[in-house]
Structure formats: structure tokens, C-alpha cells
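The sequence and structure are shown first.

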Amino acid sequence: VANRLNQHRKYKAFDYNLISSPFDKLNKNMKGFLRGELVLLASRPGMGKTTLAIQLALGFSEHYKVLFNSLDNNKDWMIDKVISQIQGSGFNSVVTGDFLKESFDFDTVIRQLNTQNFDMIFDVSDVDVLEKKIEGSSYDVLIVDWFQKLSIDNDDSEKKLTDAIVRLKKIAEKNNIAVILTGFVGWQVEERGGDKRPILSDLRCPEETEQFFDKVFMLYRADYYDITEDMNGNSTKNLAELYLVRNKSGDLFSINLKVDDNFSCFSQDE
């Protein structure tokens with residue numbers, strides 16, 4: 001009873017053991033990411049889910065310890081993306097080396113990476129290895145970029161993915177951390193008419209795994225499909241929509257985010 005009262009005392013203080021995001025609009029709608037949750041951020045390729053995942057990780061790391069596991073892009077690309085977000089330089093200028101002509105302070109970037117609680121690993125596709133790295137650590141958030149590449153020692157690829165998702169949900173609960181995955185939605189979105197916004201049934205993962213995701217976000221950019229205006233006639237240029245299609249702990253909602261011209265990061269659309 002005493003333990004339960006202590007839990008209620010936390011709830012009344014609006015704690016709820018939540019991990020707030022760097023986006024005020026996101027926090028306003030769902031308060032934060034719950035520890036023990038398994039969250040999926042999905043989209044078609046090219047929408048910016050890796051860019052958004054890195055931005056979330058760096059934002060989280062100002063107050064929480066984050067482990068980012070990259071399975072989607074090569075190491076140099078990912079490091080350049082992190083540098084561009086920390087320094088506020090255009091991603092393209094970092095890739096081409098033009099950032100050297102700008103005001104760029106390597107010491108500042110290195111210091112921020114060392115002081116922020118941000119660890120990045122690459123190509124760890126074995127959940128056993130991930131679990132060992134998490135256990136006994138003080139991580140608050142695990143982000144896995146492109147969860148479809150996760151595997152466990154099993155010859156059946158669909159069962160590999162199912163087992164990986166179930167294990168990651170258990171890791172989140174056992175270690176009291178938030179686990180956020182990114183992934184692709186199916187190609188059938190491209191074949192549909194209309195605005196081509198992905199829905200829950202478009203997920204590229206075994207159907208039986210859906211129940212293990214506490215939240216599923218979709219990231220969508222209309223201008224990717226040369227759709228220049230929404231139904232109200234508003235411009236969709238450099239505008240992204242982040243919306244929930246599954247939420248076990250609250251309502252569904254949608255927020256707009258702006259994308260900068262260099263596609264380096266997202267910002268809140270006022």
C-alpha cells in the first residue's frame with residue numbers, strides 16, 4: 001500500500017515517469033514517452049525518420065542517457081548528420097566539406113558530445129548484444145534506427161523480427177527505459193491514389209507484432225509526392241506531419257513540423 005501511495009504521489013506531481021521530447025507540441029499532446037514503452041516511428045524512405053530520430057536522441061540527451069543504434073546508414077553519414085544538428089550547419093555543407101568555410105568549432109561539437117548523455121553504436125543487429133549493453137547501465141532511452149534489420153539467431157526471417165520486437169518490449173519493461181524504433185511502411189502506399197498518407201496496416205512487420213507497440217507514429221511529407229497544397233489550400237512546402245496511428249496510453253493526434261532547406265533537422269510549425 002505504501003508503495004502504491006508513493007506512486008500516486010508521483011502521479012499527482014505530474015511525473016508519471018515520463019521522458020519529455022525536444023518538441024513542445026509533442027509534449028503537450030502526450031506529455032512524454034513512458035518508460036517501459038515500445039514506440040515505432042515509421043514512414044516511407046526519404047521522409048526524414050532518421051533525421052528526426054537523431055534530433056529526438058540529442059534532445060533527450062540533455063536530461064537523459066541515450067543509446068542510439070544505427071542500422072540504416074553508414075557510420076560517416078550518421079556522424080555527419082549528428083555534427084550538422086549539434087553545430088546548426090546545413091547537412092549538405094557538412095557532407096561536401098563546405099562547412100569548413102563557415103563558422104565551425106570542432107571543440108564545441110566534441111565538448112557537447114562528451115557532456116551530453118549520447119552514445120552511438122553501429123550495426124548491432126543482434127538483440128542479445130543490445131540487451132547485454134543495456135543491462136546494468138543507466139540508459140533511459142534506446143533508439144534503434146531501422147528495426148527491420150534486427151535479428152536473433154533463427155533461420156526464419158519473419159520469426160527473427162517477431163522475436164526481436166517481443167524481446168525489445170521486454171527489455172523496455174525490465175530496464176524501465178523507453179525503446180524507440182524506426183522502420184519502413186510498405187510499398188503499397190506508393191500505389192495508392194490520393195495523398196498517400198500511410199496507415200497502421202501499411203507497416204512492414206509481422207501482423208502479430210502490432211500488439212507489442214505501445215505507440216506507432218507515422219512521418220509524412222506531402223511535397224515528397226509533389227503535392228504542393230493541402231485540402232485547405234495551404235502550402236505543404238518543407239512541411240512534415242507526425243501523427244499517431246496507435247496509442248495505448250492516450251488519444252491519437254497529429255502535429256506539423258517544418259523541415260529546413262538543407263533537410264538537417266525539424267522545427268515546430270507555429
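The largest cavity is lined by Leu26, Phe33, Val39, Leu41, Leu52, Leu56, Ile180, Phe217 and Leu242. Strand E3 (38-43) and H3 are the elements that give two or more residues to this lining. The model is a predicted one, in which local features need pLDDT of at least 70 and side-chain atom pairs count only at pLDDT 80 or more, while totals for chains, interfaces and linings use all residues. Residues are numbered from 1 along each chain as its sequence is written, and side-chain values use heavy atoms, with hydrogens and water left out.

**Cavity**

- On a 1 Å grid over the protein atoms alone, a cavity is a set of points where a 1.4 Å probe fits but cannot get out, and lining residues have an atom within 4 Å of a point.
- The count is one cavity of 30 Å³ or more.
- The largest cavity holds about 50 Å³ of space, a volume being the space filled by probe spheres set on the points, which are joined across faces, edges and corners.
- Its lining comprises nine nonpolar, no polar and no charged residues; Ala, Val, Leu, Ile, Met, Phe, Trp, Tyr, Cys and Pro count as nonpolar, Asp, Glu, Lys and Arg as charged, and the others, Gly among them, as polar.

**Pocket**

- A pocket is an open set of grid points with protein on both sides within 12 Å along at least five of seven lines.
- The volume of the largest pocket is about 370 Å³.
- Fifteen residues line the largest pocket, and those closest to its centre are Tyr220, Ala222, Asp230, Thr236 and Glu241.
- With three residues, strand E9 (residues 239-247) gives the most to the lining of the largest pocket.
- Six nonpolar, three polar and six charged residues make up the lining of the largest pocket.

**Helix H3**

- Helices (H or I, at least four residues) and strands (E, at least two) are DSSP runs, numbered from the N terminus.
- Helix H3 (residues 49-60) has 12 residues and spans 16 Å from its first C-alpha to its last, close to the 16 Å expected at 1.5 Å a residue; the expected span is 1.5 Å times one less than the number of residues.
- H3 is mostly covered, with 12 of its 12 residues buried, where buried means under 20% relative accessible area, exposed over 50%, and partly exposed in between (1.4 Å probe, protein chains only).
- Among the buried residues of H3 are Lys49, Gln55 and Phe60.

**Cysteines**

- Zero disulfides are found in a search of the whole structure, a disulfide being a pair of cysteine sulfur atoms within 2.5 Å.
- Cys205 counts as buried because its relative accessibility is 17%.
- Cys265 is partly exposed, with a relative accessible area of 28%.

**Loop residues**

- A polar contact is a pair of N or O atoms within 3.5 Å; within protein, one must be able to donate a hydrogen and the other to accept it, and residues adjacent in sequence count only if both atoms are side-chain atoms.
- Ser61 lies in the loop between H3 and strand E4 (66-70) and is buried at 1% relative accessibility.
- The side chain of Ser61 reaches the backbone oxygen of Leu58 at 2.7 Å.
- Ser21, in the loop between strand E1 (18-19) and helix H2 (24-30), is buried, with a relative accessible area of 7%.
- A polar atom of the Ser21 side chain lies 3.1 Å from the backbone nitrogen of Phe23.
- Lys149 lies in the loop between strand E6 (141-145) and helix H8 (157-175) and is partly exposed, with a relative accessible area of 39%.
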